[in-house]
Amino acid sequence: MAEDLTQDTELNEEQPVTETNPDANWYVVHTYSGYEKKVKDNIESTIKNRKLQDTILEVSIPLQEVVEINKKGQRVPVSRKLFPGYVLVHMVMNDETWYVVRNTRGVTGFVGPGSKPVPLTEKEMENLGINSETGKVAVEFEVGDTIIATAGAWENTVGAIRSINESKQTVTIMVDMFGRETPVELNFMEIRKM
């Protein structure tokens with residue numbers, strides 16, 4: 001499983017990695033199929049409630065961009081789960097974090113022999129486009145680039161980048177809402193260049 005991780009991941013907007021804990025690694029968590037988003041949300045909720053932001057840094061779902069043909073015969077880009085039933089967690093492995101993740105509703109266990117989780121290697125992280133030193137996704141966006149949202153509430157929205165926030169890993173575009181331009185912030189993993 002871990003050798004095959006190759007594409008983008010959906011990163012969490014609410015918990016950008018501001019400081020990387022040198023003891024943190026990426027782990028693959030197995031979930032019930034269809035529970036990936038619920039597991040992600042539950043872990044993020046527990047992180048906030050137990051104040052574990054320093055030990056569980058990020059939760060993401062590997063996504064793949066595919067093109068489908070809709071009923072009208074138009075080609076439509078769609079984000080699909082690259083590995084249904086799996087979630088990535090960037091965390092410091094200790095008894096507390098293992099317990100929190102392992103006992104999250106919908107989680108069946110960590111990927112690894114027995115009950116011992118095995119972190120992703122540098123090569124596997126590079127295949128996902130994750131920089132192991134910063135924990136951030138490598139992107140090549142510039143102000144003025146035209147992008148399309150590939151996921152989230154603004155999916156299929158097209159706009160020009162007005163600003164880029166590297167620390168939050170977001171871009172801001174202007175969207176016409178009710179006859180006026182409104183700024184919308186999108187995560188790096190929810191967009192692609194046109």
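Analyst: Buried residues, meaning those under 20% relative accessible area with a 1.4 Å probe and protein chains only, make up 42% of the 194 residues in the chain. This is a predicted model, in which local features need pLDDT of at least 70 and side-chain atom pairs count only at pLDDT 80 or more, while totals for chains, interfaces and linings use all residues. Residues are numbered from 1 along each chain as its sequence is written, and side-chain values use heavy atoms, with hydrogens and water left out.

User: What share of the contacts is between residues 24 or more positions apart?

Analyst: Counting contacts as heavy atoms within 4.5 Å, such residues account for 62% of those with a separation of 6 or more.

User: OK, sheets now. In what order do the strands of the open sheet run?

Analyst: The order is β10-β9-β8-β7-β11, and the pairing of these 5 strands is antiparallel, where two strands pair if DSSP finds at least two bridges between them. β10 (180-187) and β11 (191-193) stand at the edges with a single partner strand each, so one side of each has no neighbour in the sheet. From one strand to the next, the twist averages 45 degrees.

User: Which bridges hold β9 and β10 together, and what sits in the turn?

Analyst: Strand β9 (residues 170-177) pairs with β10 over 8 bridges in the antiparallel sense, with Asp176 opposite Glu181 in β10. The two strands form a hairpin with 2 residues between them, and Phe178 in the turn has a positive phi of about 55 degrees.

User: What about β7 and β8?

Analyst: Strand β7 (residues 146-149) and strand β8 (residues 158-165) pair over 3 bridges, also in the antiparallel sense, and Ile147 stands opposite Gly159 in β8.

User: Switching topic: is Glu44 buried or exposed?

Analyst: Glu44, which lies in helix α1 (residues 36-50), is buried, with a relative accessible area of 8%.

User: Which side chain does the side chain of Glu44 make a polar contact with?

Analyst: Its partner is the side chain of Lys40, at 2.9 Å; a polar contact is a pair of N or O atoms within 3.5 Å, where, within protein, one must be able to donate a hydrogen and the other to accept it, and residues adjacent in sequence count only if both atoms are side-chain atoms.

Definitions and conventions: Buried < 20%, exposed > 50% of the residue type's maximum accessible area, 1.4 Å probe, protein only. Helix = DSSP H or I, 4+ residues; strand = E, 2+ residues; numbered from the N terminus. Axes fitted to C-alpha atoms, helices over the stretch in contact; angles between N-to-C directions.
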